[in-house]
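Here is a short report on a few local features of one protein model. Please keep the structure open while you read.

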Amino acid sequence: MADVEKFMSVEAGDIEKIMGVETGDIEAVMGVEYPAGGLAWAGTTALIMGGNHFNASGSSRSINDIQYKTLTTDGNTADWGDLSSAKQEAPGSGSNTSRIVYGGGRRYAASNTFSLTEIDYMTVASAGTVGDAGDMEEGAHEGGNGGASNGTLCFFVGGGGLDENMEQMTISSTSGSADAGDLSEDSVGTVTTNGDSKFLVIGMGKDIPAGGKEDIDQHNFNTSANTTDYGNVATVGVGSSAGVSAVNRIVVAGGYIGTPTAYTMGTRMQFFPVASSADGDSSDSADLVMAATHHAATSDGTRGEWYGGGASADDGFMQNDIQKVTIASLANASDIGDLTTVSTLDPNTWDDADSGGIKAAQAQTGT
């Protein structure tokens, strides 16, 4: 069938606003395929951006590395280029398939620089092409891990600096982000998700020592609207986790279970439908291969992948595993390769450290 934008001279993301037809109903109502050749917010090339690792002397440091891999194949990542600076724990990232944006974060070197304001953009098809997309109005870090984009807009969600606030930007622009609506409460360590009509905000609030946040927020990508209630996680206090998105389902895996002060790291997956509100999967149907927190994740709308993450409470061990799942299934994840961070610790100099292991990165896909 014809491409929506070519056929109608209207971007697919604007169909609902102009004609009152939800994106999921475009093909049935109008006889035009959507998405044409793919989702507006996902492609087949994953970029894994920034993060934290152990350097050659065994010190924990932020990195500027960008790694990539193709989601249609198993295997290791390769070097793509570098962010404008070393950083980790961004409050969000997003994709319109040709361009990926990464906003804010913090920089950990000999000392901490919190709540960065800079926004980088990457042209996916041009390895090494990183540009300046402006600045956030308020710098933030450790907000919405995973990004919240619909192919047109990207939302930066909560975290230190933004607290209960959100900012939004047009992914194709270089004008930075502007104030958006609010979350239901201050939040850090949350998972956010990409989607056509809504994104979810899942996980811990500012009351982390008390057990974290059970309820889940949802948002319809309106640039001035606040979030509304969606449902609850099946396990109290899932935080610093990571999720993968399809049109009809979100899968969130790993993270802290209960209070992070107890340092319990999970392998559990939870499933959430997009169309209607629901609580997390209480049957514990599937798991990651390796427990992880502060890991990165992304998808092409069918296959989801998780990258690295912290996997030890005792020595800060960072893993390099790449784990995949078919989002429509209820099956366990499988280990399909390794991260290959450019500058990394020799594992012989640090107990349990994986060569190339990182945590607190962001990941998105494009074409």
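## Strand pairing

Glu 167 has Asp 179 in E15 as its bridge partner. The model is a predicted one. Strand E14 (residues 163–170) pairs with E15 in the antiparallel sense, over three bridges.

These strands belong to an open sheet of three strands. The order is E13-E14-E15, and the pairing is antiparallel. E13 and strand E15 (178–182) stand at the edges. Each has a single partner strand, so one side of each is left without a neighbour in the sheet. On average, neighbouring strands of this sheet are turned by 35° against each other, direction ignored.

## Aromatic pairs

A pair of aromatic rings is described by the distance of the centres and the angle of the planes. The count here is four aromatic pairs. One of them joins Phe 155 and Phe 199: the centres are 5.3 Å apart and the planes stand at 45°, so this pair is tilted. Phe 155 lies in strand E13 (residues 153–159) and Phe 199 in strand E17 (residues 199–205). The pair links distant parts of the chain, 44 residues apart. Phe 155 and Phe 199 are buried.

Phe 199 also pairs with Phe 221. Their ring centres are 5.1 Å apart with planes at 65°, so the pair is edge-to-face. Phe 221 sits in the loop between strand E18 (215–219) and strand E19 (228–232), while Phe 199 is in E17, so the pair ties together parts 22 residues apart in sequence. Phe 221 is buried, as is Phe 199. Phe 155, Phe 199 and Phe 221 form one aromatic cluster.

## A charge over a ring

Arg 99 lies over the face of Tyr 121. The distance from the ring centre is 3.8 Å.

Conventions: Residues numbered from 1 in each chain as written. Predicted model: local features only at pLDDT ≥ 70, side-chain atom pairs only at ≥ 80, totals over all residues. Heavy atoms only, no water. Phe/Tyr/Trp six-rings, centres within 6.5 Å; stacked < 30°, edge-to-face > 60°. Helix = DSSP H or I, 4+ residues; strand = E, 2+ residues; numbered from the N terminus. Buried < 20%, exposed > 50% of the residue type's maximum accessible area, 1.4 Å probe, protein only. Lys NZ or Arg CZ within 6 Å of the ring centre and 35° of its normal. Pairing = 2+ DSSP bridges. Axes fitted to C-alpha atoms, helices over the stretch in contact; angles between N-to-C directions.
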